[in-house]
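User: Hi! I am new to protein structures and would like to learn how to read one. Could we go through it step by step?

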Amino acid sequence: MQQLKELYRRWSGAEVSDVTLLAGAGSNRQYYRLNDNDAHTVIGVVGTSKEENQAFVYLSRHFAEKHLPVPQILAVADDSMRYLQTDLGGTSLFDAIRGGREKGGKYDAQELQLLEDVIRLLPRIQFLGAEGLDWSYCYPQPAFDEQNVMFDLNYFKYCFLKATGIDFHEMRLEEDFRRMAHDLTMESANTFMYRDFQARNIMLCPRPSTLNPQPFLIDFQGGRRGPFYYDVASFLWQASARYPESLRQHLIDIYYEELGGYMAERPDRKEFDKHLNLFVLFRLLQVLGAYGFRGYFERKKHFIESIPPAIQNLRNLIFSPKSREDKGGLCTGFFPYPYLMNILRQLVELPQFATKDQTTYNNGPATVSKYDGKGPLVVRVFSFSYKKGIPEDETGNGGGYVFDCRSTHNPGRYEPYKKITGLDEPVIKFLEDDGEILTFLESVYKLADAHVERYMQRGFTSLMFSFGCTGGQHRSVYSAQHLAEHIHNKFGIEVRICHREQNITQTLKIKKR
């Protein structure tokens with residue numbers, strides 16, 4: 001860290017006054033937001049690989065010369081292990097389209113415009129970015145080839161498939177892997193393959209002349225020369241993005257039209273779709289390998305949570321109407337790998353991956369509830385006294401969870417706390433020092449998080465939580481207030497609080513994104 005601060009001082013002439021470690025995901029690099037007393041902020045990067053850092057620095061400078069929207073490299077350490085880049089803010093495309101994702105793929109006009117802007121940007125970096133690029137800087141290799149494909153397919157086999165317990169014949173699977181590797185690399189390509197083109201790697205920065213933010217590209221240091229199909233598959237089949245099929249097709253149409261501005265002769269549309277589906281299959285296996293390693297072995301929550309939607313993407317692909325013969329069954333046109341396809345069919349039908357509820361992934365909900373798809377969700381949280389009865393629900397939703405706080409230590413038994421409530425600091429300190437209420441709320445938070453997330457996905461409008469204790473003054477008030485703030489902080493939705501016996505109400509408004 002001291003070396004990063006010194007790099008900042010040499011570049012800016014000022015001392016770092018504040019350092020914030022930014023959250024990471026799959027990368028081992030560390031990102032910091034640095035600023036001085038004049039509020040100049042930059043991003044400082046500490047890498048673990050000199051060659052990887054050099055690749056990013058070279059590519060950033062090359063793309064900037066092509067007027068592509070990438071962060072500017074401000075300073076690089078002599079050993080290339082640290083560098084400074086412009087701060088693009090904290091809003092990614094993934095963050096910006098969260099609303100549509102949580103409504104099961106029902107994106108509003110602004111979210112749709114962002115997605116269309118980004119898919120139009122993709123061929124720019126693929127074709128313009130390749131012009132004059134020195135491929136030898138690419139890390140860890142300059143081009144996408146059969147060895148690259150086999151590495152990723154074996155990564156899937158050893159880090160994911162074997163962990164499922166499916167019994168398979170190694171040599172027969174290897175034969176299909178080699179056929180796939182040949183098919184994926186049989187056409188020569190002179191375009192830049194971003195390799196990790198996905199919504200989390202697109203940052204959005206305000207533009208003074210328009211309401212629409214400008215997308216900027218990050219995390220392209222693993223790019224190399226390769227076919228453009230790969231990035232389309234990477235973007236549109238990102239597991240956690242959960243784009244509905246109709247939206248995917250719309251964005252594919254836009255991308256295909258954009259190709260006309262960069263290629264003298266575009267591929268025939270049927271051939272384009274056929275090649276794209278092959279890369280989709282490969283990309284899904286590749287990411288499952290990564291999720292298996294990062295999730296099953298490194299126990300990283302984000303990757304474990306991404307496995308079910310990735311499996312659903314795979315299920316949708318291999319059982320798609322486009323992927324069937326005239327008499328049914330798996331496709332032999334797009335995917336002429338019979339043994340592999342048999343294994344994948346077994347994989348998606350495993351009990352741990354089985355689901356009949358595909359609301360999140362398909363175009364429409366799997367239920368017929370009259371509350372589906374209307375949104376946005378409003379959560380109501382009550383505290384009450386059991387002596388005066390459980391609060392009634394006035395929304396027509398029928399109510400929700402009711403939690404009994406009376407098993408926890410009651411501060412109301414002690415004179416210093418009799419005239420104050422669970423909103424007051426002395427009561428809060430009593431409850432938290434005692435600890436019983438904290439253990440109680442741990443289980444409540446888990447239930448509430450799962451319920452809120454599901455209701456948001458389905459577009460439900462109302463959810464209710466109620467906490468009761470003897471007098472509705474201490475334990476129930478503390479619990480209701482803390483759950484309300486927890487939900488609001490985590491999901492950003494509107495939460496209405498009512499401490500009924502204290503005649504106190506509060507509304508936590510929707511957070512602006």
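Predicted model: local features only at pLDDT ≥ 70, side-chain atom pairs only at ≥ 80, totals over all residues.

User: Where is Asn53 placed, and which residues is Asn53 in contact with?

Analyst: Helices are DSSP runs of H or I with at least four residues, strands are runs of E with at least two, and both are numbered from the N terminus. Asn53 belongs to helix α2, residues 50-65. Contact means heavy atoms within 4.5 Å. Apart from neighbours within four places in sequence, Asn53 is in contact with Arg29, Gly47, Ser80, Met81, Arg82 and Tyr83.

User: How many helices and strands does the chain have?

Analyst: The secondary structure comes to 15 helices and 14 strands. The C-alpha trace spans about 80 × 70 × 45 Å along its principal axes. Of the 513 residues in the chain, 52% are buried. Among contacts with a separation of 6 or more, 71% are between residues 24 or more positions apart.

User: How do I read a pair of aromatic rings?

Analyst: A pair of aromatic rings is described by the distance of the centres and the angle of the planes. Rings of Phe, Tyr and Trp (its six-membered ring) pair if their centres lie within 6.5 Å; planes under 30 degrees apart count as stacked, over 60 as edge-to-face and the rest as tilted. This rule gives 36 aromatic pairs. One of them joins Tyr194 and Phe197, at 5.2 Å centre to centre with 80 degrees between the planes, which is edge-to-face. Tyr194 is buried, at 1% relative accessible area, and Phe197 is buried too, at 0%.

User: Which residue has its charged end over the ring of Phe94?

Analyst: A charge sits over a ring if NZ of Lys or CZ of Arg is within 6 Å of the ring centre and within 35 degrees of the ring normal. For Phe94, that residue is Arg200, whose charged end is 3.8 Å from the ring centre. Likewise, the charged end of Arg406 sits over the ring of Tyr386, 3.8 Å from its centre.

User: What about the backbone: which residues does a cis peptide bond join?

Analyst: That bond joins Tyr139 and Pro140, with omega of about 5 degrees. Pro140 is in the loop between α5 (109-128) and α6 (146-164). His67 is not a glycine, yet its phi is positive, about 60 degrees. His67 lies in the loop between α2 and β4 (73-76) and is exposed, with a relative accessible area of 67%. Asp219 also has a positive phi, near 55 degrees, and is found in the loop between β8 (210-217) and β9 (224-225).

Notes:
Residues numbered from 1 in each chain as written. Heavy atoms only, no water. Buried < 20%, exposed > 50% of the residue type's maximum accessible area, 1.4 Å probe, protein only.
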